[in-house]
Amino acid sequence: MRLKGKVAIVTGGGRGLGKGIAMKLAEEGARVVVADMAPADEAVAEMREKGGTAVSFQVNVSKQEEVKAMVQFAIDTYGTFDIMVNNAGINRDGMLHKMSKENWDTVIAVDLTGTFYGTQEAVNYMRSKNYGRIINISSGSWLGNIGQANYAAAKAGVIGLTKTAARENARKGITCNAICPGFIETDMTLKLKDVNDGAAWDSMMQRIPMGYAGKPEDVGNMVAFLASDDASYVTSEVLNVGGGMIV
C-alpha cells in the first residue's frame, strides 16, 4: 500500500497496458481516475471488485480542454491530485516513403501532444503543492523502428519532454520519468499468434533475451515504484521494461 492516500490519473487506462498500470496503482492504495477515449466502466468495476477505488473519465488527450477537464475532475472527485501517468497512445504504421500526412499528424497529436498536455496540466497543479509524480510511457521504438517513423518520432519526443519537465520542476518536489515497455502481452499483440501459424509471435520471442513477452503488470510494477516515495530521488530517467529486448 505504498500509494495509500494518493490520487492518480492513468490515460488510456481502460484496457491493455494502461489497465494493467491502473490496476497496480489501485492495488497499492491509490485512488485512480481511469481515463480513456471510451468509457472505462468495465476496468473500474474490476478494480472495485478487488477492493480498489476508481472512477472512469472519458477523454481525448489530443484535445487540451478535455485534458484540463480530466485533471479538474480528479481534483473535484478526490480533493487532490498526485500522480500523472501519460499512457494513452496509438499507432498508424507505414513505411516513411508511403506515410500520409494524416497518419503522421494523428500519431503526433495523441502520442506526443497528448503527453505534453497531460504533463503541463499536471505540473500546473503539482507546483502549487510542491509534490508530484509524472510517469510518461514511451517505447523502445524511440530508438527507431522500420515502419514507425511517426510513432518513433513521437516516443522520442516524449523522452525529451520528460527530461525537460524533470529539470524544470525538480526544485518543486516533482519527479518526471519515462518508461519504455518492450513487447507486452495485450489483446493487440496476442493477435500475432494467429499470423502464419504463430511464426510472427515466435519471431518476436527470439528477439527477447528472456524468451517471453512481458505482461501489463510488469510495467505497472515499475510505474508504482516511480509513483511512490521509494523513488523520491529518481527523476529524468528512462527505464526499459522489456526483458532485455531494448538496448
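## Overall fold

The secondary structure of the protein comprises eight helices and seven strands, where helices (H or I, at least four residues) and strands (E, at least two) are DSSP runs numbered from the N terminus. This is a predicted model, in which local features need pLDDT of at least 70 and side-chain atom pairs count only at pLDDT 80 or more, while totals for chains, interfaces and linings use all residues. Residues are numbered from 1 along each chain as its sequence is written, and side-chain values use heavy atoms, with hydrogens and water left out.

## Dimensions and burial

Taken along the principal axes, the C-alpha atoms of the protein fill a box of roughly 50 × 40 × 35 Å. Of the 247 residues, 50% count as buried, meaning under 20% relative accessible area with a 1.4 Å probe and protein chains only. Among contacts (heavy atoms within 4.5 Å) between residues at least 6 apart in sequence, 68% join residues at least 24 apart.

## The surroundings of Asp82

Asp82 sits in the loop between helix H3 (64-78) and strand S4 (83-86), and this residue is buried, with a relative accessible area of 4%. Lys6 lies 76 residues away from Asp82 along the chain, yet the C-alpha atoms of the two are separated by 5.9 Å.

When neighbours within four places in sequence are left aside, Asp82 is in contact with Gly5, Lys6, Val7, Met126, Lys129, Tyr131, Gly132 and Arg133. For one of these residues, Val7, the backbone nitrogen is reached by the side chain of Asp82 at 2.8 Å.

Conventions. A polar contact is a pair of N or O atoms within 3.5 Å; within protein, one must be able to donate a hydrogen and the other to accept it, and residues adjacent in sequence count only if both atoms are side-chain atoms.
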